[in-house]
Amino acid sequence: MTLDDVADELYGLDPGEFVEARTKHVKAAREDNDRTLAAEIGKLRKPTTVGWLVNLISRNLSEDLDALLALGESLRDAQRHLSGQDLRRLTTQRQQVVRSLAHKSGEIAASRGKNAGEDALRDVAQTLNAALSDEETAAQVRLGRVVTAASYSGFGPAGLAVVEEDSVQDAPAIHTEDNAPAKSTAPDHKAEQAKAKAELKEARADLEKIRRRVKAETAQFEDARSKLSDLDRRIEELRADLEHAEQERQFAENTEKAAGVAVRESEDELREAERRVDEAEEGLDETE
């Protein structure tokens, strides 16, 4: 089994099943003496709820996802050519497709008994938007191996939203339908900060949950080890008692054998004594 095979399997699982399955694959790789594979598998990170939802889209709505990523190419082309009308049309399509996919990921999660909140679905949409502007994010989304939410600030790679600074000075201004200047696509730093805080909060919550689980599992381990130590000590005591009992039995067996010999000898002497008594009585009768 390759690392890709393992990753495909792990990121298709519910987050709650991830760690146990990863541990089994690490153990299997070590048993096969493939320590390099074991180490690589061990580095695979457990997905957050948002990462899992995005991976559901990749695995269950691949055609819709491909359509969205193709739409991203059209948007980038429109930006490069400063086509304001195409940008507005394609942006509207993008927003509709992103919302639809995020909503569908929640429905898939619900069918598996998991409830995805509105915050999680918003992060799913944010991650899909990031995939449209970042090739690495898009690759992870396509593979269905997203670990956590990706941030998005403005559409397209840096500099594309306004083409090149020098050329924009000579380019005609882009206006909206109300003849107002187009809104700047500069990064919304407050949104980024809010997003970062949300991710930090989620990471801290996951960390605290893992700490509690480690604490509980450590307590179980210590309890089991203490019981095992008690049982080992009890076994040693029983073994000593058994050895002592076996020695006593051997002594009793030797005593029983000696007593048996003594009984048989005494019975022989008894019979001899009874014979002599009988002979003496007969001799007495003859003299009378």
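These legends go with a handful of close-up views of the predicted model.

This is a predicted model in which local features need pLDDT of at least 70 and side-chain atom pairs count only at pLDDT 80 or more, while totals for chains, interfaces and linings use all residues. Residues are numbered from 1 along each chain as its sequence is written, and side-chain values use heavy atoms, with hydrogens and water left out.

View 1. Buried means under 20% relative accessible area, exposed means over 50%, and partly exposed sits in between (1.4 Å probe, protein chains only). Helices are DSSP runs (H or I, at least four residues), numbered from the N terminus.

**View 2. Zooming in on Val124.** Skip the neighbours within four places in sequence, and Val124 is in contact (heavy atoms within 4.5 Å) with Val50, Leu53, Val54, Ile57, Ala102 and Ser105.

**View 3. Arg145 and Asp4 in a salt bridge.** A salt bridge puts a side-chain nitrogen of Lys or Arg within 4 Å of a carboxyl oxygen of Asp or Glu, and the structure holds 11 of them. In this one, the closest N and O atoms of Arg145 and Asp4 are 3.1 Å apart. Arg145 lies in the loop between α8 and α9 (165–168) and Asp4 in helix α1 (residues 3–10), so the pair ties together parts that are 141 residues apart in sequence. Arg145 is buried at 14% relative accessibility, whereas Asp4 is partly exposed at 44%.

View 4. Glu272 and Arg276 pair up at 3.7 Å, N to O; both lie in α10 (residues 189–287), 4 residues apart, or about one turn of the helix. Arg275 and Glu279 form a salt bridge with their closest N and O atoms 2.4 Å apart, and they too lie in α10 with a spacing of 4 residues. Arg275 is partly exposed at 38%, as is Glu279 at 45%. Salt bridges that share partners join Glu272, Arg275, Arg276 and Glu279 into one network.

How values were computed: Helices (H or I, at least four residues) and strands (E, at least two) are DSSP runs, numbered from the N terminus.
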